[in-house]
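My entries follow the structure shown here.

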Amino acid sequence: MGKRTIIPFGPQHPVLPEPIHLDLVIEDETVVEAIPSIGFIHRGLEKLVEKKEYTEMVYVIERICGICSFGHGWGYCAAVEGAMDVKIPERAEYLRTIWHEMSRIHSHLLWLGLLADAFGFESLFMHCWRVRETVLDLLEKTTGGRVIFSVCKVGGVRKDIDNETMKEIVDTLNGLKKEIKELTDVFLEDRSVKNRLCGVGVLSKEEAIELGTVGPMARASGLRQDMRLEDSHGIYEQLDFEPVIAEEGDSYARCKVRIGEIFQSIELIEKAAFKIPDGPISVEVKGNVEGECVTRLEQPRGEAYYYAKGAGTKFLERMRVRTPTNQNIPALVKTLQGCDLADVPMLVLTIDPCISCTER
Amino acid sequence: MSVRSNIVPVAASDLLPKVRELKSEGYRLGQICATKVSEGFEILYSFDKDHELLNLKLTVAEEEEVQSITADFWSAFIYENEMHDLFGVKIKHIALDYGGHFFKVAQPTPWNPKK
Amino acid sequence: MSYVTKSPWVIHYDGSSCNGCDIEVLACLTPMYDVERFGIINTGNPKHADVFLVTGSVNEQNKAVVKQIYDQMPDPKVVVAVGICANNGGIFKECYNILGGVDTVIPVDVYVPGCAARPEAIIDGVVKGLGVLQEKRNAMESGGSAAISAPEPTANTEKEEA
């Protein structure tokens, strides 16, 4: 039994691209307790609803996070559309789905790279990010932006993808499969990588439910939980969506689930490109928001929750975004208990933290 | 993308029993958020079970104390501390109480500024 | 680019950015953009760093962190504000917890515009910063203070609006 020591971790730390602070209570080399503190990048952007009209607010909401920006725009627009009872054209839903799944591919590749960096495999990090650039090129070609796309608007989308570009997207992504497979095989087969991942940071199914875990983290603990199953517009149902699930609940399982989702997203995009109907890409939206609506959306990191409430003026009364990382922090605290100090950076990464989402 | 709001009002005295009931039925906590309204605060508790969303809406006066639900859902501490720091909602018995130091903001309770 | 004769190390801190610029800063390091060809290495230790890349605007909680990292860096040093939020607060300027651009806390030498700043723009900004670094080094060698060429923290120095 060693002496208890508290080690402050973060906010500025070599492995963290974003600031989060943890007080790690350690005994010898084992973490006994971890107390998170956040707020380093709290901006208070939800309150901007009082200054920006509900149609302008999309741009603010997109900038909650530079990785899942498309999803945030979609979630917000859907919440406002729900509160206003606006039905958007099916083609727009399909386009949103395609962009969202492309965001998922780039987000998961980004995460794989950061994970590789966290366990000290820098060349793997570089390769993951190199492949990711191809996906970003496709996003840039279709939306005009690498990070912030601004293609979602209340009532539909701003840009269409023509058939030729759609074919190019499918071909390019299919062409990437081989390269992604080579990379992901390293994560799943390499002995030294497995040594770092297998059995580390186990979260049981019961704990996952108890702590309200969402996204790949929950699915890696055996929960069949994915908001894409609850698609009110039925797009994912038309694409025969079934979530990727693993049972082990350790870091390896989380890695496996996200890798599975990369390939799944490529398939979803391919099916969507085949099934997308012709038609308009947006409807005109008139009037102001009156009433409230909750929408949920499966972001790359898990379920995100949007709540919009309006009182009949052009400004919303309340806009609430609850992001997946926010919901996964309790699970992180739980998995950190009992882990080795040297595993902390990697475990922090396995929840795929997005702090700017969390703090808004 | 799920657009099903399902919001039901709940009285302050019924909150804890209702939450306990949901817990025993296997619900997970989705989120908690506060909205500043003229009569005080509206607090929205969201629960989910097998993709069914249930929102409980609690309306309290500004000075009224709200019971923490961390005894049943420990992960609520994040949202309860957030509501306390940003709105000034008074919450008692939070399992992990940061005592107003969860979000460090330039002005206290920015969503409900004191005159 | 004949003035790039040294190997400058950068340190990156995320003020309150949306992650967009941070990811682009990281993307600069990866094979597509590869700033290491200029000898630039990303370090986590402020005492190893010559160039301080700040993304996002400053808020009440990270003000001290930004200041401390800046103070720990040895002279001569250069601060590059990446993205419109770091320049002046950008879209979040009116948020209650945002103080403004990075220049409200520490002196900034190079402003890189964009939301999010593109990797090309970031590289351009860093390379521009290297010129400033050399000027400061020369000033130090001739007996002056490195701080001379750095503008004082003000909210309205010349910069591009996005």
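At what angle do the axes of H4(A) and H1(C) cross, and within what distance do they come? I found that the two axes cross at roughly 110° and come within 10 Å. I took axes as lines fitted to C-alpha atoms, for helices over the stretch in contact, with angles from 0 to 180 degrees between N-to-C directions. Helices (H or I, at least four residues) are DSSP runs numbered from the N terminus.

Before going on, I noted that this is a predicted model, in which local features need pLDDT of at least 70 and side-chain atom pairs count only at pLDDT 80 or more, while totals for chains, interfaces and linings use all residues. Residues are numbered from 1 along each chain as its sequence is written, chains are lettered from A and ligands numbered from 1 in the order in which they are written, and side-chain values use heavy atoms, with hydrogens and water left out.

**Entry 1: H4(A) and H1(C).** H4(A) and H1(C) are therefore roughly perpendicular (65 to 115 degrees) to each other. From H4(A), I listed Met126(A), Trp129(A), Arg132(A) and Glu133(A) as making the contact (heavy atoms within 4.5 Å), and from H1(C), Ile23(C), Leu26(C), Ala27(C) and Leu29(C). By class, six of these residues are nonpolar, none polar and two charged; Ala, Val, Leu, Ile, Met, Phe, Trp, Tyr, Cys and Pro count as nonpolar, Asp, Glu, Lys and Arg as charged, and the others, Gly among them, as polar.

**Entry 2: H3(A) and H4(A).** Helix H3(A), residues 90-118, packs with H4(A), residues 122-143, at an angle of about 160°, the axes being 8 Å apart. The two are therefore roughly antiparallel (over 145 degrees). I recorded 17 nonpolar, four polar and three charged residues in their contact.

**Entry 3: chains A and B.** I looked up the interface and found 48 residues of chain A in contact with 42 residues of chain B. About 3,900 Å² is buried between these chains, and carbon and sulfur atoms give 55% of that area. Buried area is the accessible area (1.4 Å probe) that two parts lose on being put together, summed over both.

**Entry 4: Asp85(B).** Asp85(B) lies in helix H2 of chain B, residues 77-87. I found Asp85(B) buried, with a relative accessible area of 5%.

Note on methods: Angles under 35 degrees count as roughly parallel, over 145 as roughly antiparallel, 65 to 115 as roughly perpendicular and the rest as oblique. Buried means under 20% relative accessible area, exposed over 50%, partly exposed in between (1.4 Å probe, protein chains only).
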